[in-house]
Amino acid sequence: MSKVSLNIIAATCQNMGIGANGTLPWRLKKEMVHFYSMTTKVKDSTKINAVIMGRKTWDSIPGKYRPLNNRVNIVLTRQVDTVKKEAPNDVVVLPGLDEAISYINGQEDIESTWVIGGSFVYKAAMEHPNLYKIYLTEIQKTFKCDTFFPNIDKQLFQLVDEEGIQKDRQTEGDIDYYFRVYKRKVSEEFC
Ligand SMILES: NC(=O)c1ccc[n+]([C@@H]2O[C@H](COP(=O)([O-])OP(=O)(O)OC[C@H]3O[C@@H](n4cnc5c(N)ncnc54)[C@H](OP(=O)(O)O)[C@@H]3O)[C@@H](O)[C@H]2O)c1
């Protein structure tokens, strides 16, 4: 068993939508700050975190923001050679989640691993035994979406309070949301 534990991070609206037309259906600056903070923060300052994303999520990031800074960017695609040719050299392009886990397992300097979407990669992570926690921003509004977050199995994952994660309602403009953390019920942390 690999020692890599996976954390999912996502923002969902009330119909569990995560995206529309290849982009985010909302614009929430503080939520983006939360995403940046969660995916970059490390206990050991000599280390760095990894983010794993699907090729379409990679494509959805504006050129000036990618690769996502201060993180090892791993892009999953079934067209590794093509995507590799187009991506900057420091982006790791791999054919699947297990390959990404094997890669991270061999990297001493990676502290935490974040699965950052989209729906295909969330689904693969949700079905993976190494999935440890799900950090969900639950937006209290419905947006028209064409991409959705997979079902969370409440037999396996339970809502928990986590130090450092604000429990109270967040508001940006006319949008309210909550930061929620779901943790695998019977689990040893792998690292
Ligand atoms: N709300 C949020 O938190 C959030 C987060 C991320 C993304 N999004 C949104 O979600 C949408 C994009 O998500 P999506 O579901 O359409 O696409 P995606 O999961 O980002 O990417 C799908 C592509 O990734 C590759 N892929 C996925 N799973 C793979 C696997 N297990 N092994 C190998 N390759 C794999 C395939 O690439 P190839 O076709 O190249 O083979 C597939 O076509 C956008 O609208 C984006 O803005 C929202």
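1. Asn21 is exposed, because its relative accessible area is 70%; exposed means over 50%, buried under 20% and partly exposed in between, with a 1.4 Å probe and protein chains only. Asn21 belongs to the loop between β2 and α1. Its phi is near 50°, a positive value in a residue that is not glycine.

2. On the basis of the note: the model is predicted, so local features need pLDDT of at least 70 and side-chain atom pairs count only at pLDDT 80 or more, while totals for chains, interfaces and linings use all residues. Residues are numbered from 1 along each chain as its sequence is written, and side-chain values use heavy atoms, with hydrogens and water left out.

3. Met16 is not a glycine, yet its phi is positive, at about 70°. Met16 lies in the loop between β1 and β2. With a relative accessibility of 30%, Met16 counts as partly exposed, whereas Asn21, at 70%, is exposed. As background, most residues other than glycine have a negative phi, and most peptide bonds are trans.

4. The bond from Arg66 to Pro67 is cis, with omega near -5°, and Pro67 is in the loop between α2 and β4, the latter spanning residues 71-76. The bond from Gly117 to Gly118 is also cis, with omega near 0°. Gly118 is found in the loop between β6, residues 110-115, and α5.

5. What surrounds the ligand? There are 27 residues around the ligand, and Ala11, Arg55, Thr57, Thr77 and Ser119 come nearest; a residue counts as near when one of its heavy atoms lies within 4 Å. β1 (6-12), β2 (17-19), α2 (55-60) and α5 (119-126) each supply at least two residues of this shell. Helix α5 gives the most, with four residues. Helices (H or I, at least four residues) and strands (E, at least two) are DSSP runs, numbered from the N terminus.

6. An oxygen atom of the ligand lies 3.5 Å from a polar backbone atom of Leu76. A ligand oxygen is 3.1 Å from a polar backbone atom of Thr23. At Thr77, an N or O atom of the side chain is 2.6 Å from a ligand oxygen. The ligand taken alone exposes 930 Å², and the protein buries 89% of that area (Shrake-Rupley method, 1.4 Å probe; for residues, only the protein chains shown count as cover).

7. Does the length of helix α1 agree or disagree with expectation? Helix α1 runs over residues 29-40, so at 1.5 Å a residue its twelve residues should span 16 Å; the C-alpha atoms at its ends are 16 Å apart, which agrees. The expected span is 1.5 Å times one less than the number of residues.

8. Which residues of α1 are buried? They are Glu31, His34, Phe35, Met38, Thr39 and Thr40. Thr40 lies in this helix and is buried, because its relative accessible area is 18%. The side chain of Thr40 reaches the backbone oxygen of Tyr36 at 2.6 Å.

9. The side chains of Glu31 and Thr137 make a polar contact at 2.6 Å. Thr137 has its place in strand β7, residues 131-139. Thr137 counts as buried, because its relative accessibility is 1%.

10. Glu31 can also be placed relative to helix α5. Tyr122 lies in α5 and counts as buried, because its relative accessibility is 4%. From C-alpha to C-alpha, Tyr122 and Glu31 are 19 Å apart in space, and they are 91 residues apart in sequence.

11. Val181 is buried, because its relative accessible area is 2%. Val181 and Gly118 are 63 residues apart in sequence, and their C-alpha atoms are 18 Å apart in space. Gly118 is the residue at the end of the cis bond from Gly117.

Technical notes: Polar contact = N/O pair within 3.5 Å; in protein donor to acceptor, adjacent residues only side chain to side chain.
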